[in-house]
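Thanks for coming. I will keep this short, and please have the structure open while I talk.

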Amino acid sequence: MSSRFAPPSTRTTVRGGTTAIPKTRTRPTTPPRAPAEHHRTWTPPTPLDLPLTLGPLRRGPADPTFRPTPDGAVWRASRTPQGPGTLRVAARGGAVEAQAWGPGAQWLLDGLPELLGAADDPSAFTPRHRLLAVAQRRRPGLRLTRTGLVLESLIPSVLEQKVTTDEAYRAWRLLVRKYGEPAPGPTPERARMHVMPDAATWARIPSWEWHKAGVDNKRASAILRAVRVARRLEEAAAMDPEAARARLELIPGIGPWTSAETVQRSNGAPDAVTVGDLHLPGIIGYALAGERDADDARMLELLAPYEGQRHRAARLILLTGRTPPRRAPRMPVGNIAAL
């Protein structure tokens, strides 16, 4: 978050933010036999803020699938239709240089422009509030990412249902590290990057391991139902966002909140505003109308002038850091693993 405001770190504010680049320097590790490396250089047609664009894909500071490094690069480990792959992206002048490793390397490089917002059209957004006009001017490099991968956004979004940020991030970290596989390529030293498990592996995780990761039966069951139809869900990445959300919501346990959080990333959906969120209506109500107790209906009313770009409007509001003063205790952190 930038600006003079310093909002509390909730899941909602983190979703709207960027990803910080660490200041300490580490030395990359080169394995004895370096795997094949693929390269691509792409020049974005407009200014691009790399950490801001890719920030929503990071699930906590210790996300094993995402790592920024002191040299300004961003590393991602993904399970593509061609298999696991690792992508390193760095901005150099006006161009973006990318390297990729693993069976999914070429797929990741082919999708690089859309990952960095090539399919996004920021000119479609017209600010109608001074706050949004200022935010847009201060963040000219904001682009909405489109990964083209559904499960890698859906599963962590399900884990985030009705729990604190720390609980969700911990569950994702533990499950990916235990059941995923090491990311291919010369990943950053001590990063312990992993590719998330495939659908069959998710389906075989025993109930007690979900419990140890702090995931209740409701969320675990929703994930298990989703991975059983993984192929059909992945098809949603090529669909219109509304049709994609409708397909996702056919799965019991996946509602409007989760489907919006997913297609914002997998489909780059500029209008997929998140409803059913604990904090977002109050943040948007406070920012646009000084109403800290706004509900979903009021939030949608305030965002109506931005129809077609409501998700972008919400992200810009979150980036201002303008949140209502806290007047209630934070949501308590649960630990069902200790039960």
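I will go through the sheet, then some aromatic rings, then a few helices. Before that, one caution: this is a predicted model.

Strand 1 and strand 5 are antiparallel and share 6 bridges. If you want a spot to look at there, H39 stands opposite Q99 of strand 5.

Next, strand 5 also pairs with strand 4, again in the antiparallel sense, over 7 bridges.

Strand 4, residues 83-92, pairs with strand 3, residues 74-80, over 7 bridges in the antiparallel sense. Here T80 has G83 of strand 4 as its bridge partner.

Next, the aromatic rings. How many aromatic pairs does a search of the whole structure find? It finds 4. I will describe two of those pairs. For the reader new to this, a pair of aromatic rings is described by the distance of the centres and the angle of the planes.

One is W75 with W101. Their ring centres are 5.5 Å apart and the planes are at 5°, so this pair is stacked. Because W75 is in strand 3 and W101 is in strand 5, the pair ties together parts that are 26 residues apart in sequence. Both of these tryptophans are buried.

The other is W172 with W202. Here the centres are 6.3 Å apart and the planes are at 15°, so this pair is stacked too. W172 is in helix 7, residues 165-179, and W202 is in helix 8, residues 199-204; the pair links distant parts of the chain, 30 residues apart. W172 and W202 are both buried. They also belong to one aromatic cluster, together with W210.

Helix 6 runs over residues 151-159 and is mostly covered, with 9 of its 9 residues buried. Among those buried residues are E152, S153 and S157, along with L151 and V158.

Last, helix 14, residues 280-289, and helix 16, residues 310-320. Their axes come within 10 Å and cross at roughly 80°. How do the two helices lie to each other, roughly parallel or roughly perpendicular? Angles from 65 to 115 degrees count as roughly perpendicular, and helix 14 and helix 16 are therefore roughly perpendicular to each other.

Which residues meet there? From helix 14 they are L280, I283, I284, A287 and L288, and from helix 16 they are A314, I317 and L318. By class, this contact has 8 nonpolar residues, no polar ones and no charged ones. On the spacing along a helix in general, an α-helix has 3.6 residues a turn, so residues three or four places apart point the same way.

That is the end of the tour.

Definitions and conventions. Residues numbered from 1 in each chain as written. Predicted model: local features only at pLDDT ≥ 70, side-chain atom pairs only at ≥ 80, totals over all residues. Heavy atoms only, no water. Axes fitted to C-alpha atoms, helices over the stretch in contact; angles between N-to-C directions. Helix = DSSP H or I, 4+ residues; strand = E, 2+ residues; numbered from the N terminus. Parallel < 35°, antiparallel > 145°, perpendicular 65-115°, else oblique. Contact = heavy atoms within 4.5 Å. Nonpolar A, V, L, I, M, F, W, Y, C, P; charged D, E, K, R; others polar. Buried < 20%, exposed > 50% of the residue type's maximum accessible area, 1.4 Å probe, protein only. Pairing = 2+ DSSP bridges. Phe/Tyr/Trp six-rings, centres within 6.5 Å; stacked < 30°, edge-to-face > 60°.
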